[in-house]
Amino acid sequence: MCAPKVLLDVAGLQAGYASRQMPFVRAVDNISFRLYPQEIVGLAGESGCGKSSLLKTLYGLVEHPLRVEAGSIVFCGNGHQHSIIQDLRATQKLRWRYLSYIPQASMSVLNPVVRIEKQFQELMEIHEPGLSATGSQDKVTEYLDQLGLSSTVLRSFPHQLSGGMRQRVVIAMATLFSPALVLADEPTTGLDVVVQRGILQMVRDMCEQYGTTFMIVSHDVGIHYQITDRLMIMYGGYLVKIGTTRELFEKPCHPYTQLLIASLPRLGDTGKRSGIGGSPPDLSRPPQGCRFHPRCPQIMEVCRSEIPELLEITPGHYVGCHLSI
């Protein structure tokens with residue numbers, strides 16, 4: 001059951017991939033956190049750390065080979081209280097209207113042989129069947145205008161639009177019904193910095209204007225610095241850091257977070273930037289103890305044998321590191 005003012009309550013979530021050809025890969029390992037109304041939360045970490053798997057699980061896209069082993073996801077948006085993974089069929093009814101998901105590639109959402117206008121019409125027919133065709137078209141056109149998108153995109157096929165324009169269209173589709181929560185997986189991947197900034201500003205405006213909460217996945221910590229209110233850092237299937245974005249940059253605390261921030265380029269700094277040594281862990285055979293310890297410059301003996309607990313060191317600021325205990 002959701003606590004007051006909690007939009008999404010995730011507790012002890014464990015999920016991963018199983019097949020006959022390979023050992024079980026636990027991509028999401030004992031993860032717990034909460035999302036609140038009208039905030040933008042970032043999820044950062046290296047490729048392969050489990051970010052996309054977590055987002056799919058939160059949306060209820062649990063299809064073979066992905067499976068959930070344990071934990072709960074309770075959604076409390078728009079007057080609903082629903083267990084996402086306990087009733088996947090009922091979860092489908094929440095999608096688009098109350099809970100939306102933006103995958104990494106916009107073409108994963110858009111039908112390449114159908115005009116954009118028709119794709120919006122299909123959404124309207126499903127979620128607002130009582131509205132006339134003219135009324136549906138007027139609503140879509142008005143909404144695109146509010147987002148700064150020309151109605152001319154409606155007459156286009158997806159391939160006729162630029163990557164940035166397609167991404168804006170997908171975001172418009174995902175937020176058409178003012179859902180309580182939008183899960184966005186790498187929404188600016190492959191876009192130039194000017195288009196990227198426009199999309200990020202679009203997300204911020206929608207959060208403020210419509211009260212939508214966004215959870216944005218990106219391996220680029222710089223993007224999170226620009227737009228997010230809170231930031232979660234993931235490593236090897238675990239959450240190792242949760243806090244306000246400003247606090248996380250000012251007090252990284254966790255060695256992995258420190259190295260991530262240290263690797264960012266800075267204006268006017270001509271010094272050499274160093275990456276993080278070593279490689280991310282193999283989640284089918286993760287190291288014992290803290291999963292970051294083989295690469296950690298501050299390793300202690302306890303790190304080799306015990307998994308650190310994610311502890312609240314100051315209000316709302318969580319760190320999973322033996323150094324913080």
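Biologist: Which residue of β9 is the bridge partner of G42?

Modeller: G42 has L231 as its bridge partner in β9. This is a predicted model, in which local features need pLDDT of at least 70 and side-chain atom pairs count only at pLDDT 80 or more, while totals for chains, interfaces and linings use all residues. Residues are numbered from 1 along each chain as its sequence is written, and side-chain values use heavy atoms, with hydrogens and water left out.

Biologist: What makes strand β3 and β9 a pair?

Modeller: Two strands (DSSP runs of E, at least two residues, numbered from the N terminus) pair if DSSP finds at least two bridges between them. Strand β3 (residues 40-44) and β9 have four bridges in the parallel sense, and therefore they pair. β9 and β10 are joined by six bridges and run antiparallel, with M234 standing opposite L239 in β10, and therefore they pair as well. These two strands form a hairpin with two residues between them, and G236 in the turn has a positive phi of about 60°.

Biologist: How do you know that β9 is mostly covered?

Modeller: Six of the six residues of β9 are buried, that is, under 20% relative accessible area with a 1.4 Å probe and protein chains only (over 50% is exposed, and in between is partly exposed). Both faces are covered, with R230, M232 and M234 buried on one side and L231, I233 and Y235 on the other.

Biologist: Why is T245 called buried?

Modeller: T245 has a relative accessible area of 4%, and this value is under 20%, so T245 is buried. The residue is found in helix α8, a helix being a DSSP run of H or I with at least four residues.

Biologist: What makes the link between the side chains of T245 and T228 a polar contact?

Modeller: A polar contact is a pair of N or O atoms within 3.5 Å, where within protein one must be able to donate a hydrogen and the other to accept it, and residues adjacent in sequence count only if both atoms are side-chain atoms. The side chains of T245 and T228 are joined at 2.7 Å, which is within 3.5 Å, and therefore the pair meets the distance limit.

Biologist: Which residues line the second largest cavity?

Modeller: The lining consists of E117, F120, Q121, M124, S136, Q137, V140 and L154, lining residues being those with an atom within 4 Å of a point of the cavity, a set of points on a 1 Å grid over the protein atoms alone where a 1.4 Å probe fits but cannot get out. The largest share, four residues, comes from α3.

Notes: On a 1 Å grid over the protein atoms alone, a cavity is a set of points where a 1.4 Å probe fits but cannot get out, and a pocket is an open set with protein on both sides within 12 Å along at least five of seven lines; lining residues have an atom within 4 Å of a point.
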